[in-house]
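Trainee: Please take me through the model shown below, one question at a time.

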Amino acid sequence: MAKPAQGAKYRGSIHDFPGFDPNQDAEALYTAMKGFGSDKEAILDIITSRSNRQRQEICQSYKSLYGKDLMADLKSEISGDLARLILGLMMPPAHYDAKQLKKAMEGAGTDEKALIEILATRTNAEIRAINEAYKEDYHKSLEDALSSDTSGHFRRILISLATGNREEGGENLDQAREDAQVAAEILEIADTPSGDKTSLETRFMTILCTRSYPHLRRVFQEFIKMTNYDVEHTIKKEMSGDVRDAFVAIVQSVKNKPLFFADKLYKSMKGAGTDEKTLTRIMVSRSEIDLLNIRREFIEKYDKSLHQAIEGDTSGDFLKALLALCGGED
């Protein structure tokens, strides 16, 4: 996994549960769901404190002990936001991401923000696993789905990200200077005569979608030296719509991925209504990867802990489950 810019290691809030016994957990879940009404506390307690790998084992034990599908049983016992969170935790990560992408493309409007958030932040290995899961679950390639649901330059960016072909090496200084020059030309702040706009746009897209993270960090530094501007601010100023949002997300993810997610979580809880879908998606998908880093970035930037934000914005069992995933107060 790529290291964040600060050289710190990524750390999740959920780990393998010590002394894990899948049969025991399966029995406890079965008991919690037996009879009239369910023991939600017990369900939450088990599922939010086991790692995804362990949850898959519980599913298998449940099937062999009771001949029943744990996911189906959970679905019939819980509903609403809590169900979305718990069932999300029960899915293998690649299948969970595939489902979120599918949902973002379903129905009348496309949820471009969700597509960008997932495709711009996953590693090559994660993207490849998502492609396999998508094909297995929906009998259609992710690329075909993106092609039929998006268009123009935005579609090309998403499909490029969805191939999972980002370089994984270090930086190349000469190449970084050339890349920074292309960025300066496309963002129209270079003194050089502008070339063909379309081919420049394609080159800029290729740079952002296929260069390695360490290399892109160097490109952004060279860009500042060359133009005295920050590439993220310049993209925000010079571009618009989904293309701008996709490029900004890539740049933010390269600069500091946990901060990118901290911002998204903050926005999901800011103002009048809560965006439970985004809140759930990030908490589920980052819990074993970098949620502790996200928590640190959150409190540094917003002067309140993620724990406090969740407490102030959600309630009931959904709140309890989110706090369990959050893994503590900062």
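Trainee: In which helix does glutamate 222 lie?
Mentor: This is a predicted model, in which local features need a pLDDT of at least 70 and side-chain atom pairs count only at pLDDT 80 or more, whereas totals for chains, interfaces and linings use all residues. Residues are numbered from 1 along each chain as its sequence is written, and side-chain values use heavy atoms, with hydrogens and water left out. Helices are DSSP runs of H or I of at least four residues, strands are runs of E of at least two, and both are numbered from the N terminus. On that basis, the helix that holds glutamate 222 spans residues 213-227 and is α13.

Trainee: What is the relative accessible area of glutamate 222?
Mentor: Leaving aside neighbours within four places in sequence, glutamate 222 is in contact (heavy atoms within 4.5 Å) with Leu173, Ala176, Arg177 and Ala180. Buried means under 20% relative accessible area and exposed over 50%, with partly exposed in between, for a 1.4 Å probe and protein chains only. Glutamate 222 counts as buried because its relative accessible area is 5%.

Trainee: With which residue does the side chain of aspartate 179 make a polar contact?
Mentor: Aspartate 179 belongs to helix α11, residues 173-186, and is buried, with a relative accessible area of 2%. Beyond four places in sequence, its contacts are Ile207, Arg211, His215 and Val219. A polar contact is a pair of N or O atoms within 3.5 Å; within protein, one must be able to donate a hydrogen and the other to accept it, and residues adjacent in sequence count only if both atoms are side-chain atoms. At 2.7 Å, the side-chain partner of aspartate 179 is arginine 211.

Trainee: What separates the C-alpha atoms of serine 253 and threonine 121?
Mentor: Serine 253 lies in helix α15, residues 241-269, and is buried, with a relative accessible area of 1%. Residues up to four places away aside, serine 253 touches Ala120, Thr121, Tyr213 and Phe260, and its side chain joins that of tyrosine 213 in a polar contact of 2.8 Å. Serine 253 and threonine 121 are 132 residues apart along the chain, yet their C-alpha atoms are separated by 6.1 Å.

Trainee: What is the phi of asparagine 228?
Mentor: Most residues other than glycine have a negative phi. Asparagine 228 sits in the loop between α13 and α14 (231-238) and counts as exposed because its relative accessibility is 68%. Its phi is positive, in a residue other than glycine, and near 65°.

Trainee: Where does aspartate 303 lie?
Mentor: Aspartate 303 also has a positive phi, near 60°, in a residue other than glycine. It is exposed, with a relative accessible area of 69%. Its place is the loop between α17 (291-302) and α18 (306-313).

Trainee: What average pLDDT does the protein chain have?
Mentor: pLDDT is the predictor's confidence in each residue, from 0 to 100. At least 70 is scored by 95% of the residues, and the chain average is 93.
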